[in-house]
Amino acid sequence: MSALKVFEKNFFKHKTTNFLSIGGLSLGIAVAILLGWWAINEMRADRFHSDQDKIYRVCREGFINNENIRIGTINSPLAIQLKDQFPQVEDMLRIAPTGKERFQFDDMVNYEEAIMLADPGFFRFFDFPLKQGDLNTCLDNPDQMVITEKLAAKYFGDDDPVGQSVEFMGRTWQISAIMYDVPANTHLEFDALCAMAGLPEYDNADWGRDFFNVYLKISPGADLEALSGQITDLAIESFPFYASVDIHHFLQALTEIRFDTQDFRFDSARKTDKRFVMIFAFMAIAILAIACINFTNLF
């Protein structure tokens, strides 16, 4: 008698037990795969960018009003000086969140769109692929806007949005490109990007407006602690107010932003607690182990 026939005979002889054992194992494997895949995806947050190891966000930390605070943003004038002042800074990018602002196409109005302003080099700095358009020029002109697939489907349906005009923050923008939806495992969260130069009050903001997320590409091997101190010295030299407060700048690695759950002020980053990610990863392993043990005992 062949092994297959022996298996078939024994399987149907105790089919209730065998169905339970195989069903339990299948369910355990499915749940473990789902939890494990989610945990792995979260642990790889912001690691899909080709220059992930070189990108840092400039933040501030200090003792103000009798409390220690951390701030995820800096002033625009300081950001503009960084690339020119320090040779170890290869590139600089400013992003300014606008919150929930009026967005209109024809008669369709929505106040729930997450739209950010960005410098022209956004798509050369971060590796967010475009579905349609030129990533090298899509934010070069002051009136240009890039929208996600989700926003394109919401407002334009099956029509081609590129070249269409929309109203946002009191001015008219032309859609220059469509990008794929922002991945869930990144700290950035937006539905559209507008050229920073389109709003001079942002592009030419003074020292009093310190809501800019500023990212630097830093040469490998650079002394990050020394550079942080130099940035603080430059800030004090350019804006004397900093000399009167106990505050300094520090560089936060791109891959740490999403998992740094300490209380930040003015931080629009999407966060995930790494402890919960690890708990779900261990749960996936435990469920798979229990399912295997249960299958072995029953079968």
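Glutamate 149 pairs with lysine 131 in a salt bridge, with 3.0 Å between the closest N and O atoms. A salt bridge is counted when a side-chain nitrogen of Lys or Arg lies within 4 Å of a carboxyl oxygen of Asp or Glu. This pair links distant parts of the chain, 18 residues apart: glutamate 149 sits in helix α5 (residues 149–156) and lysine 131 in strand β7 (residues 130–132). Helices (H or I, at least four residues) and strands (E, at least two) are DSSP runs, numbered from the N terminus. Glutamate 149 is partly exposed, because its relative accessibility is 25%. Buried denotes under 20% relative accessible area, exposed over 50%, and partly exposed the range in between (1.4 Å probe, protein chains only).

The model is predicted; local features need pLDDT of at least 70, side-chain atom pairs count only at pLDDT 80 or more, and totals for chains, interfaces and linings use all residues. Residues are numbered from 1 along each chain as its sequence is written, and side-chain values use heavy atoms, with hydrogens and water left out.

The structure contains 14 salt bridges. Side chains of opposite charge can pair when their charged atoms come close. One of the bridges joins the side chains of arginine 258 and glutamate 42, at 2.9 Å from N to O. Arginine 258 is in the loop between α8 (254–257) and β14 (264–265), and glutamate 42 is in helix α2 (residues 15–43), so the bridge ties together parts 216 residues apart in sequence. Arginine 258 and glutamate 42 are both buried.

A further bridge connects arginine 94 with aspartate 119, where the closest N and O atoms are 2.9 Å apart. Arginine 94 belongs to strand β3 (residues 89–100) and aspartate 119 to the loop between β6 and α4 (122–125), so this pair ties together parts 25 residues apart in sequence. Arginine 94 and aspartate 119 are buried.

Strand β6 (residues 114–118) also holds methionine 116. Methionine 116 counts as buried because its relative accessibility is 5%.

Two packed helices are described by the angle between their axes and the distance between the axes. The axes of helix α3 (residues 76–85) and helix α7 (residues 224–238) come within 11 Å and cross at roughly 125 degrees. Axes are lines fitted to C-alpha atoms, for helices over the stretch in contact, and angles run from 0 to 180 degrees between N-to-C directions. Helices α3 and α7 are therefore oblique to each other. Angles under 35 degrees count as roughly parallel, over 145 as roughly antiparallel, 65 to 115 as roughly perpendicular, and the rest as oblique. The crossing of α3 and α7 is right-handed, meaning that the near helix is turned clockwise from the far one by less than a right angle.

Asparagine 75 is placed in the loop between β2 (67–71) and α3. Asparagine 75 is buried, because its relative accessibility is 1%. Its C-alpha atom is 14 Å from that of aspartate 267, 192 residues away along the chain. Leucine 254 is part of helix α8. Leucine 254 is buried, with a relative accessible area of 0%. A separation of 9.2 Å is found between the C-alpha atoms of leucine 254 and alanine 45, which are 209 residues apart along the chain.

Most residues other than glycine have a negative phi. Aspartate 46 has a positive phi, near 65 degrees. Aspartate 46 lies in the loop between α2 and β1 (55–64) and is buried, with a relative accessible area of 1%. Methionine 169 likewise has a positive phi, about 55 degrees, although not a glycine. Methionine 169 occupies the loop between β9 (165–168) and β10 (171–179) and is partly exposed, at 22% relative accessible area.

On the surface, Trp38, Phe276, Ile279, Phe280 and Met283 form a nonpolar patch with about 460 Å² of accessible area together. Patches are made of residues with over 30% relative accessible area and no salt bridge; like charges are joined within 9 Å, nonpolar side chains (Val, Leu, Ile, Met, Phe, Trp, Tyr) within 5 Å. Accessible areas come from the Shrake-Rupley method with a 1.4 Å probe; for residues, only the protein chains shown count as cover. Helix α9 (residues 274–298) supplies the largest share of the nonpolar patch, 4 residues. Isoleucine 279 is found in helix α9 and counts as partly exposed, at 43% relative accessibility.
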